[in-house]
Amino acid sequence: MNDAVSRTGRVERTTKESTVSVELDLDGSGRVEVDTTVPFYDHMLHSLATHAAFDMTVRASGDIHIDAHHTVEDTAIVLGQALRQALGDKTGIRRFGDAWIPMDETLAHAAVDVSGRPYCVLAGEPEQYNTFTVGNNYPFVLNRHVFESLAFHAAINLHARVIHGRDPHHITEAQYKAIARALRAAVEPDPRFAATVPSTKGTL
């Protein structure tokens with residue numbers, strides 16, 4: 001990989017439901033500024049960027065007086081678009097990454113392929129928490145919307161699963177951290193593929 005190449009993305013998106021801007025640097029050190037007006041989501045995005053070792057700035061506002069859904073999902077869409085932009089042609093990356101994250105009683109696993117083919121498989125979240133709201137502002141069911149939106153708009157293959165867990169806060173945070181660590185491994189430079197794309201097709 002050419003060290004002079006800047007692996008950054010900057011995307012803004014405005015709809016009748018939300019206004020979102022994301023700036024992302026894949027070669028950062030975890031410097032993060034996040035304000036989505038949904039406090040628990042801010043906490044999760046901060047954790048995501050920190051454990052992925054990305055520099056990331058997120059600003060979002062929307063119709064949270066109705067529900068957090070639009071703002072949360074739209075932010076994930078823009079984050080995915082910024083990630084895809086920052087990846088460029090993907091020359092010199094490792095491409096694949098996975099991570100196991102324990103958090104107290106919870107264990108989560110994530111695997112990522114920066115393939116250019118969007119796909120998302122989520123498994124293991126306890127169904128009884130689908131009506132639970134974490135921190136009184138983040139509905140647990142939004143996890144699926146966030147991860148699917150991120151995967152499809154970043155054009156990555158993402159598998160995330162909860163092996164076990166009983167606290168919805170821990171389950172959510174372990175998944176975000178597992179995805180972050182998997183992404184960190186997948187997008188980092190691989191010196192053995194420094195001038196090539198890691199694919200038999202020659203492109204990702």
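This is a predicted model: local features need pLDDT of at least 70, side-chain atom pairs count only at pLDDT 80 or more; totals for chains, interfaces and linings use all residues.
The packing of helices is considered here through two pairs that share helix α3. Two packed helices are described by the angle between their axes and the distance between the axes. In the pair formed by α2, which spans residues 69–87, and α3, which spans residues 142–154, the axes come within 7 Å and cross at roughly 25°. Because angles under 35 degrees count as roughly parallel, α2 is classed as roughly parallel to α3, and the crossing of these two helices is right-handed. On the side of α2, the contact is made by H69, V72, E73, A76, I77, L79, G80, Q81, L83 and R84, whereas α3 contributes L142, H145, V146, S149, L150, H153 and A154. Sorted by class, the residues in this contact of α2 with α3 comprise 9 nonpolar, 6 polar and 2 charged.

For the second pair, the axes of α3 and helix α4, the latter covering residues 168–187, come within 11 Å and cross at roughly 10°. The angle therefore places α3 roughly parallel to α4. The residues that meet across this pair are N143, V146, F147 and L150 in α3 and T172, Q175, Y176 and I179 in α4. This contact of α3 with α4 is made up of 5 nonpolar and 3 polar residues, with no charged residues.

Turning to individual residues, D55 is located in strand β4, which runs over residues 55–62. With a relative accessibility of 10%, D55 counts as buried, because the cut-off for that class is under 20%. When its neighbours within four places in sequence are left aside, D55 is in contact with E23, L24, D25, G28, S29, G30 and R31. Two of these residues place backbone nitrogens by polar atoms of the D55 side chain: the nitrogen of S29 lies 2.9 Å from such an atom, and that of G30 lies 3.3 Å from one.

H109, in turn, is found in strand β6, comprising residues 106–113, and at 12% relative accessibility this histidine likewise counts as buried. Not counting residues up to four places away in sequence, H109 touches D98, A99, W100, H159, A160, R161 and A178. With D98, the side chain of H109 forms a side-chain to side-chain polar contact of 3.2 Å. By C-alpha to C-alpha distance, H109 and T200 are 27 Å apart in space, while 91 residues separate them in sequence.

Conventions
Residues are numbered from 1 along each chain as its sequence is written. Side-chain values use heavy atoms; hydrogens and water are left out. Helices (H or I, at least four residues) and strands (E, at least two) are DSSP runs, numbered from the N terminus. Buried means under 20% relative accessible area, exposed over 50%, partly exposed in between (1.4 Å probe, protein chains only). A polar contact is a pair of N or O atoms within 3.5 Å; within protein, one must be able to donate a hydrogen and the other to accept it, and residues adjacent in sequence count only if both atoms are side-chain atoms. Contact means heavy atoms within 4.5 Å. Axes are lines fitted to C-alpha atoms, for helices over the stretch in contact, and angles run from 0 to 180 degrees between N-to-C directions. Angles under 35 degrees count as roughly parallel, over 145 as roughly antiparallel, 65 to 115 as roughly perpendicular and the rest as oblique. A crossing is left-handed if the near helix is turned anticlockwise from the far one by less than a right angle, and right-handed if clockwise. Ala, Val, Leu, Ile, Met, Phe, Trp, Tyr, Cys and Pro count as nonpolar, Asp, Glu, Lys and Arg as charged, and the others, Gly among them, as polar.
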